[in-house]
Amino acid sequence: MSDTSAAAELGWSQALPVSASMRAMLFRRFGPPDVLERATVGTPRPGPGEVLVQVAAVGIGRLLDLTARAGNHPYATIEPPHILGADHAGTIAALGEGVNSVQVGDRVAVLPGVACGTCVYCADGRQEVCDALTVIGTHHPGAYAQYCVVPARNVHRVPDGITAAMAASLALLGPVAANQMTQAGLRPGHWVLVQGASSALGSTTAAYARHLGAKIIATSRSADKRAAMAAGADLVLDTNAPDFVKRVHEATGGRGVDIAVDNLGDPAVWDATVDSLARGGTVVTSGAFLGGKVGIDLRRVYSDCHRIIGVRTGNPAAVAELWRQVENGFRAVVDRTFPIARAADAHRYMEDDNSLGRVALTVRPEDWEV
């Protein structure tokens with residue numbers, strides 16, 4: 001099989017001549033999935049330090065896509081018409097001035113967080129803390145399109161043999177999971193509790209920690225999803241079960257978990273999470289999708305030496321570590337893909353809470369015609 005045929009089998013396209021206009025999936029008003037529509041817009045051009053990515057696949061996020069499209073984004077003001085699409089993968093189609101880190105034709109994954117690169121946090125390698133951090137697909141036109149302009153420092157070459165959908169699913173969630181486990185001090189043999197482990201980020205975090213030798217307790221409120229997750233965890237529980245904390249302590253020999261990941265922000269879930277922690281344990285949060293305000297007993301944090309840390313996104317070190325682990329066999333959980341022409345169907349599928357893992361759109365030339 002030729003290199004071109006092999007790439008096509010994996011969902012990648014060769015870099016095509018860049019035209020003045022391109023197809024995009026955008027919304028002109030906030031609303032339900034049906035507000036997404038195909039349109040022809042001008043093709044962006046990369047400026048100094050930027051690259052033009054010919055998009056092959058893009059992940060769909062609840063916050064960055066579904067909430068933004070509905071007009072309820074809690075962290076950003078979006079002005080339609082707008083093109084969604086944050087974490088994506090594709091082929092380098094053009095280079096801006098001064099870019100020599102990649103070449104036209106390279107297959108890359110894109111971390112969507114755009115830091116300033118000059119503040120004290122960026123200088124310290126902590127771009128996720130940057131005050132000026134913006135997000136592709138939220139503050140900038142995104143990747144529900146044939147092409148997307150991104151900073152060259154935000155792309156990472158994808159190893160051979162990785163599908164475009166997998167690369168897009170790893171592009172953001174993988175570095176977040178890597179940063180979570182680095183910040184929490186994960187070691188092989190640690191017990192890790194992942195609340196909401198059927199979500200895209202939750203499933204990636206659980207799979208990543210397991211890949212690094214952790215023992216996993218995964219949770220979901222759905223019996224069907226708990227059954228589906230059983231093969232990838234040491235224990236699968238319903239967070240709402242009255243004996244939840246008891247079962248966590250039984251599984252861990254009475255200690256509790258070393259690391260708990262709670263991206264939900266539900267006060268009831270939070271209390272169960274803290275009650276499940278071992279002395280010296282760490283709670284990591286990378287979102288608060290069900291609330292955000294929870295109670296904290298500081299006397300307990302002090303006496304049990306607990307840590308509570310927020311991990312906003314990935315950073316260069318986390319990106320490098322994630323792709324090193326991909327080379328070592330790590331993969332994210334991809335639920336299913338939809339062609340870009342069926343973006344509205346994909347949004348509805350996620351809103352119906354059917355997904356287990358990442359849902360992605362494929363954005364090859366043929367995917368616009370479905």
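Predicted model: local features only at pLDDT ≥ 70, side-chain atom pairs only at ≥ 80, totals over all residues.
Residues are numbered from 1 along each chain as its sequence is written, and side-chain values use heavy atoms, with hydrogens and water left out. Along its principal axes, the C-alpha trace spans about 60 × 45 × 40 Å. The chain contains 12 helices and 17 strands (DSSP runs numbered from the N terminus; helices are H or I with at least four residues, strands E with at least two).

An open sheet is formed by 6 strands in the order E12-E11-E10-E13-E14-E15, with parallel pairing (two strands pair if DSSP finds at least two bridges between them). Strand E12 (235–237) and strand E15 (307–310) are the edge strands, each pairing on one side only. On average, neighbouring strands of this sheet are turned by 20 degrees against each other, direction ignored (axes are lines fitted to C-alpha atoms, for helices over the stretch in contact, and angles run from 0 to 180 degrees between N-to-C directions). Strands E13 (residues 257–261) and E14 (residues 277–285) pair in the parallel sense over 4 bridges; Val257 has Leu277 in E14 as its bridge partner.

Two helices were examined against this sheet. Helix H8 (residues 244–251) packs on the sheet and touches E10 (191–194), E11 (215–219), E12, E13 and E14, its direction making about 175 degrees with that of E12 (contact means heavy atoms within 4.5 Å). Helix H9 (residues 267–275) also packs on the sheet, touching E10, E13, E14 and E15, and its direction makes about 145 degrees with that of E14.

The structure holds 1 cavity of 30 Å³ or more (on a 1 Å grid over the protein atoms alone, a set of points where a 1.4 Å probe fits but cannot get out; lining residues have an atom within 4 Å of a point). The largest cavity has about 90 Å³ of space (the space filled by probe spheres set on the points, which are joined across faces, edges and corners). Its lining includes Ser13, Gln54, Tyr147, Arg364 and Trp368. Strand E3 (residues 50–60) gives the most to this lining, with 3 residues.

Pro80 and Pro81 are joined by a cis peptide bond with omega of about 0 degrees. Pro81 lies in the loop between helix H2 (62–70) and strand E4 (88–95).

Definitions and conventions:
1 Å grid on protein atoms, 1.4 Å probe; cavity = no way out; pocket = protein on both sides within 12 Å on 5 of 7 lines; lining within 4 Å.
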